[in-house]
Amino acid sequence: MIIKKPNDIPSSEITTEDQYLDRRKFLAAAGIATVGIAGSGRLLSAIAPAARQDDKPNTLEEITNYHNYYEFGTDKEDPAANAKSFRTKPWTVKVDGLVKKPADYQLEDLVKPYKLEDRVYRLRCVEAWSMVIPWQGIPLAEMIKRFEPLPSAKYVQFTTLYAPEQMPGERAGILPWPYVEGLRMDEASHPLTLMVTGLYGKTLPNQNGAPLRLITPWKYGFKGIKAITRISFVDKQPRNTWQIANPDEYGFYANVNPEVDHPRWTQASERRIGQFRRIKTLMFNGYADQVASMYAGMDLRKNF
């Protein structure tokens, strides 16, 4: 079977933003929700919750020009301006730690065995703004199986590229670099967790985390580590970058919880980019039916 990567698809075969939105309207009218017919053919109802009325995907322009990506600057427009010359080829991802198959993988070899899937996910940022983004990627659970983690592996730690000559934000003391994130093993293996390589059916833009980023849609956006160069399987909970920088405001779990405010603003509502009115924030960003069981019995105010 020949697996097409985004770079291999002729422009005539790429779903445009307008075509993508038209297809979503047709499916909604027909009472059908999918994760992208061309990507996986599986029903969205098996993966994600029913769409909200305000879940129309944001435009490509909005998605590619409004970011939190401090490696390229702290203003929302900085990444689009400063990441244009960022080099994503060649790209190596080191897999190490408590696995049977540690290796340094070239990105092409890392993604080659998998068919890319289309997933439309809500992205909720801790600053109380949000987007709806049609990602394209590979379920992290599939990659994890390939690496064969040992029973002692309880967490997965991710590390961003450290390249201050390319990433101007890393030349400043904004955060401790390189950026680090982590997930519990069951979170990393959850069907919603995605290793992203594209959006709107096209190769992931530099400013959105190319060539490889993480998406866990029930968590705040800062968990979506970008430009991943290392995946480590460990037995102790790793401390993520924002937790290290400001532990009173940012925890390890970062589950979207409208009942627990950030110390400086409310989390009960959000501003959807491209819309005027604010909307109510949903528990676990609307994915509670799929993920709440992983946190049964936990104090989500303490484990924030």
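Pro211 lies in the loop between strand S8 (202-203) and strand S9 (213-215). Strands (E, at least two residues) and helices (H or I, at least four) are DSSP runs, numbered from the N terminus. The peptide bond from Ala210 to Pro211 is cis, and its omega is near 0°. A cis peptide bond also joins Trp177 and Pro178, with omega of about -5°. Pro178 is placed in the loop between S5 and strand S6 (180-184).

The model is predicted: local features need pLDDT of at least 70, side-chain atom pairs count only at pLDDT 80 or more, and totals for chains, interfaces and linings use all residues. Residues are numbered from 1 along each chain as its sequence is written, and side-chain values use heavy atoms, with hydrogens and water left out.

Two residues other than glycine have a positive phi: Ala128, at about 75°, and Tyr200, near 50°. Most residues other than glycine have a negative phi, and most peptide bonds are trans. Ala128 sits in the loop between strand S3 (117-124) and strand S4 (129-139). Its relative accessible area is 7%, so Ala128 is buried. Buried means under 20% relative accessible area, exposed means over 50%, and partly exposed lies in between (1.4 Å probe, protein chains only). Tyr200 belongs to the loop between strand S7 (194-199) and S8. Tyr200 is buried too, with a relative accessible area of 2%.

The protein chain holds eight helices and 12 strands. Of its 304 residues, 54% are buried. The accessible surface of the chain comes to about 14000 Å², and carbon and sulfur atoms account for 53% of that surface. These areas come from the Shrake-Rupley method with a 1.4 Å probe; for residues, only the protein chains shown count as cover. Among contacts (heavy atoms within 4.5 Å) with a separation of 6 or more, 70% are between residues 24 or more positions apart.

Five strands form an open sheet in the order S2-S1-S10-S5-S6, with mixed pairing. Strand S2 (103-106) and S6 stand at the edges; each has a single partner strand, so one side of each is left without a neighbour in the sheet. From one strand to the next, the twist averages 20°. Axes for such angles are lines fitted to C-alpha atoms, for helices over the stretch in contact, and the angles run from 0 to 180 degrees between N-to-C directions. Two strands pair if DSSP finds at least two bridges between them. Strands of a sheet pair through backbone hydrogen bonds, either parallel or antiparallel.

S10 pairs with S1 in the parallel sense, over four bridges. Here Gly97 stands opposite Phe233. S5 and S10 run antiparallel and are joined by six bridges. Tyr155 stands opposite Val234 of S10, and the bridge partner of Thr160 is Ile228. Five of the seven residues of S10 are buried, so S10 is largely enclosed by the rest of the structure.

The largest nonpolar core has 47 residues. Such a core is a set of buried Ala, Val, Leu, Ile, Met, Phe, Trp, Tyr and Cys residues joined through side-chain atoms within 4.5 Å. Met143, Phe158, Met195, Ile231 and Phe233 have the most contacts inside this largest core. Two or more residues come from each of strand S1 (92-97), helix H4 (107-111), helix H5 (140-147), strand S5 (155-160), helix H6 (185-188) and strand S10 (228-234). H5 gives the most, with four residues. Leaving aside residues up to four places away in sequence, Phe233 touches several residues, including Val95, Gly97, Ile144, Phe147, Tyr155 and Met185. A second, separate core has 27 residues, among them Ile63, Leu123, Cys125 and Ile215.

Thr160 is placed in strand S5. Thr160 is buried, with a relative accessible area of 2%. A polar atom of the Thr160 side chain lies 2.8 Å from the backbone oxygen of Lys226. Not counting residues up to four places away in sequence, Thr160 also touches Glu71, Met167, Pro178 and Tyr179, among others. Pro178 is the residue joined to Trp177 by a cis peptide bond.

Definitions and conventions. A polar contact is a pair of N or O atoms within 3.5 Å; within protein, one must be able to donate a hydrogen and the other to accept it, and residues adjacent in sequence count only if both atoms are side-chain atoms.
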